[in-house]
Amino acid sequence: MTQKFDVVVIGAGPGGYVAAIKAAQLGLKTACIEKYQDNEGKIALGGTCLNVGCIPSKALLDSSWKYHEAKVGFSIHGIEAKGVSIDVPAMVARKSNIVKNLTGGVSTLFKANGVTLLEGHGKLLAGKQVEVTALDGTTQVVQAENVIIASGSKPIDIPPAPVNYDTIVDSTGALEFQSVPKTLGVIGAGVIGLELGSVWARLGADVTVIEAQDKFLPAADEQIAKEALKTFTKQGLKIRLGARLTASEVKKKQVTVSFTDAEGEQQMTFDKLIVAVGRRPVTTDLLATDSGVDLDERGFIYVDDQCATSVPGVYAVGDVVRGAMLAHKASEEGVMVAERIAGHKAQMNYDLIPSVIYTHPEIAWVGKTEQQLKGEGVAVNVGTFPFAASGRAMAANDTGGMVKVIADAATDRVLGVHVIGPSAAELVQQGAIGMEFGTSAEDLGMMVFSHPTLSEALHEAALAVNGHAIHVVNRKKR
Ligand code: FAD
Ligand code: AMP
């Protein structure tokens, strides 16, 4: 007999698993279909984020940072650390254990919330039926009142550098190196390229990042991007902007890449090459030809602001739809859709999705950049505060970067918070909370911040917007 559900979710990444748990919590009979197999051939939940994305990359970033600190950062504190060495397989195994813990945790949450897991590949048929093909090839069709597609994304392949899972890898392969490459090329200076490049650079690789665009981090505030480029270059990361990869050749366990830049045709040889040129939506064999669901011109599932597709009762969330490819965006869309299915009038504020790059220093922002606001003709006041003037940052010997607060010149409402520096991701979240409640720079300035904290840099930057900073000379005079 055909199984029937109120909600069937395709994909158990941060978009899908969160939607499924929320739907079940709201009393809806919910199933979630997942096909991803881990190294042991078992179905693993959590999607890209938990298995090969956010979590494993942060595990390696944290391990590599500790190594780097032990090697070069301890001496200033008077700590002598001799003979510091790295066991890469142990570091990678720790990462894999964290992944296992978290993906297992999602299975537990499914059980605890009564979500039915259907193992296999899901395909949307007409009439909100979903075909599930199990790993052994057997199929069943389930009937859904509502379907949430959360099939996510995968790395983009480029013809000049086909991934061979050995010398040329994608982001997944770059989480599995068993030794530190002497020389490492990274194609693409996006978030993923910079984070993975940083991991291996901290462990001793000589890293060159090849980026087609002339501008570094074009989505970030220009002042912050400029500071980031300066800092990364000082750290030894070689960033070649305006350099487009044209070909690669693998020979004797090395890869020679050809690229063109302002000076013409160039060649470089690396032990390993990471291709990190972006991600594309996963829609292969996902939609029957008569499913009625439309794709947009870039191959994403077409949805409106509430994640409804062209078929009533069918929704899509996360990386497979327009917008930032971020786990927290996927999850919040999942919650919104589950709530709407349950009859609530949920909405999502797409203007306040924080972005983070987990390099050192971290880079994070929420809201609009100064150049965006100027482009829109909005008059703004800007306040900045350098971590070099923060007692807490000095105590931690981590004084690079700044906090920048941008407020509307007419109303003082905060329109953007941008941070490069220690704990930037956590600091920006404070700005996001304030902005969600419509804070003015003055409101932030009137709050009591604990001393000594890195958060005081946000306080001072907010004060600086109107020329009231105490611990830095004000650019704007009262
Ligand atoms: P996914 O996580 O891709 O999950 C989709 C799931 O659907 C997969 O498990 C897939 O197997 C399954 N699936 C697909 N098709 C089918 C089908 N037909 N049937 C059954 N199952 C199917 N984001 C952040 O916010 N912070 C970070 O720090 C961060 N770091 C990242 C680092 C790296 C190296 C990478 C690659 C990504 C990172 N991201 C980060 C991005 C983040 O991982 C994604 O935005 C997020 O995973 C998207 O969630 P999703 O649920 O839409 O899709
Ligand atoms: P993101 O989409 O943020 O992950 O970043 C991917 C980056 O890769 C972008 O900045 C692209 O400009 C860059 N990129 C894409 N194709 C190439 C190429 N052939 N050579 C160099 N860089 C590229």
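## The second largest pocket

The lining of the second largest pocket divides into 16 nonpolar, 15 polar and 13 charged residues, where Ala, Val, Leu, Ile, Met, Phe, Trp, Tyr, Cys and Pro count as nonpolar, Asp, Glu, Lys and Arg as charged, and the others, Gly among them, as polar. The model is predicted, so that local features need pLDDT of at least 70 and side-chain atom pairs count only at pLDDT 80 or more, while totals for chains, interfaces and linings use all residues; side-chain values use heavy atoms, with hydrogens and water left out. Residues are numbered from 1 along each chain as its sequence is written, and chains are lettered from A and ligands numbered from 1 in the order in which they are written.

The second largest pocket holds about 1,200 Å³ of space, a volume being the space filled by probe spheres set on grid points that are joined across faces, edges and corners. A pocket is here an open set of points, on a 1 Å grid over the protein atoms alone, where a 1.4 Å probe fits and with protein on both sides within 12 Å along at least five of seven lines, and its lining residues have an atom within 4 Å of a point. Of the 44 lining residues, W65, Q235, H360, P361 and D398 are the closest to the centre of this pocket. Two or more residues of the lining come from each of α3 (54-73), α6 (191-202), β10 (206-210), α7 (222-235) and α11 (424-436), and α3 provides the largest share, 10 residues. These elements are DSSP runs numbered from the N terminus, helices being H or I with at least four residues and strands E with at least two.

## The site of ligand 1

Around ligand 1 there are 38 residues, of which G15, E34, T48, K58 and G122 come nearest; a residue belongs to such a shell if one of its heavy atoms lies within 4 Å of the molecule. By class, this shell has 16 nonpolar, 17 polar and 5 charged residues.

Taken alone, ligand 1 exposes 1,000 Å², and the protein buries 94% of that, with accessible areas from the Shrake-Rupley method and a 1.4 Å probe. The elements that give two or more residues to the shell are α1 (14-25), β2 (30-34), α2 (47-52), α3, β4 (121-124) and α8 (327-341), and α2 gives the most, with 4 residues.

## The disulfide

The structure holds 1 disulfide, a term for a pair of cysteine sulfur atoms within 2.5 Å. C49 and C54 form this disulfide, with their sulfur atoms 2.5 Å apart, and the link is left-handed, with -130° about the S-S bond.

## The site of ligand 2

Ligand 2 has 14 residues around it, and G188, E211, A212, Q213 and L245 come nearest. The shell divides into 8 nonpolar, 4 polar and 2 charged residues.

Nitrogen atoms of ligand 2 take part in contacts with the backbone, where an N or O atom of A212 lies at 3.1 Å and an N or O atom of L245 lies at 3.1 Å. An N or O atom in the side chain of Q213 is 3.3 Å from an oxygen atom of ligand 2. On its own, ligand 2 has 510 Å² of accessible area, of which the protein covers 73%.

The peptide bond from H360 to P361 is cis, with omega near 0°, and P361 is placed in the loop between β18 (355-357) and β19 (362-367). H360 and P361 are also among the residues closest to the centre of the second largest pocket.

The peptide bond from H451 to P452 is likewise cis, with omega near -5°, and P452 is in the loop between α12 (441-446) and α13 (456-465). K253, a residue other than glycine, has a positive phi near 65°, and its place is in the loop between β12 (244-251) and β13 (254-261).

Definitions and conventions
A polar contact is a pair of N or O atoms within 3.5 Å; within protein, one must be able to donate a hydrogen and the other to accept it, and residues adjacent in sequence count only if both atoms are side-chain atoms.
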